[in-house]
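Colleague: I am new to reading protein models, and I would like to learn how to go from the picture to a description. Could you take me through one, feature by feature?

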Amino acid sequence: MAFKLIDLPYADTALEPAVSAETLSFHHGKHHQTYIDKMNAAIDGTDHANASLEAIVGAARGSNQGLFNNAAQTWNHGFYWHSMAASETAPSDDLKAKIDAAFGSVDELKEQLKARGAGHFASGWVWLAEKDGALTIEETHDGDTLADQDGVNPLLVVDVWEHAYYLDHQNKRPAYLDAVVGSKLNWTFASENLARETTWVYPN
């Protein structure tokens, strides 16, 4: 089974000015597509050919770094597109209660996400996740992912690779984080992930 590039869940201009249509054309149409193409080539004719993306990520971790990187980046990017929304959303009552318990308020959570993203060294991802029944901010480096981590349910992610923001914000990662975390996070998606209690599955 060959994997496909998933459609963006909004128009390519919908996230402007936080994320421009030009950035999405490169990031979604080229970067994400390249990860998928390389993964498809690597699994063609193997035991992974008919596996789910999540199973491929788990099987490749620690045993096939090239396949892991491309499979994990395919998953991470799909999750990232859904972690943003064109218009303002709000967390469900259950998610809001967990946010208040862990961080004090949604605004304080946003500040901590921005701080962790700005402080993350080099490339990677900053996540809001549920772990052991409570919310936590997690970081993964380079192409690593939470997709296959037992006991961790990712709710949202912010991409802090330079290609996610350089065309729009140059080297000013905090400006990108202010724009995306400030008003573009998809709290409806996060609420759905919390209610499901299982890790999001890449649609293919």
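Modeller: Let us begin with a term: helices, of at least four residues, and strands, of at least two, are DSSP runs that are numbered from the N terminus. In this model, which is predicted, the protein has eight helices and three strands.

Colleague: In what order do the elements run from the N terminus on?

Modeller: The order is α-α-α-α-α-β-β-β-α-α-α, and the C-alpha atoms fill a box of roughly 50 × 40 × 30 Å along the principal axes.

Colleague: How does the radius of gyration of the protein fit with that of a compact globule?

Modeller: For 204 residues, a compact globule would have a radius of gyration near 17 Å, and the protein, with 16 Å, agrees with this. As for contacts between residues with a separation of 6 or more, 71% of them join residues 24 or more positions apart.

Colleague: How should I read the strands, and which of them pair with β1?

Modeller: Strands are said to pair if there are at least two bridges between them. Strand β1 (residues 124-131) pairs with β2 (residues 134-141) in the antiparallel sense over eight bridges, and it is joined to β3 (residues 152-159), also antiparallel, by seven bridges. To follow individual partners, look at tryptophan 125, which is bridged to threonine 140 in β2, and at glutamate 130, whose bridge partner in β3 is asparagine 153. Between β1 and β2, which form a hairpin, there are two residues, and aspartate 132 in that turn has a positive phi of about 55 degrees.

Colleague: Why is β1 described as largely enclosed by the rest of the structure?

Modeller: The reason is that seven of its eight residues are buried, where buried means under 20% relative accessible area.

Colleague: What can be said about the nonpolar core?

Modeller: As a general idea, nonpolar side chains in soluble globular proteins tend to be buried together. Here the largest nonpolar core has 61 residues, and Tyr176 and Trp187 have the most contacts inside it. Helix α3 (residues 65-82) supplies the largest share of this core, eight residues.

Colleague: Is serine 20 buried or exposed?

Modeller: Serine 20, in the segment before α1 (21-43), counts as buried because its relative accessibility is 12%. A polar atom of its side chain lies 3.0 Å from the backbone nitrogen of threonine 23, and, apart from neighbours within four places in sequence, serine 20 is in contact with Asp12 and Asp168.

Key: Residues numbered from 1 in each chain as written. Predicted model: local features only at pLDDT ≥ 70, side-chain atom pairs only at ≥ 80, totals over all residues. Heavy atoms only, no water. Core = buried A, V, L, I, M, F, W, Y, C linked by side-chain atoms within 4.5 Å. Buried < 20%, exposed > 50% of the residue type's maximum accessible area, 1.4 Å probe, protein only. Polar contact = N/O pair within 3.5 Å; in protein donor to acceptor, adjacent residues only side chain to side chain. Contact = heavy atoms within 4.5 Å. Rg over C-alpha atoms; globule rule 2.2 N^0.38 Å.
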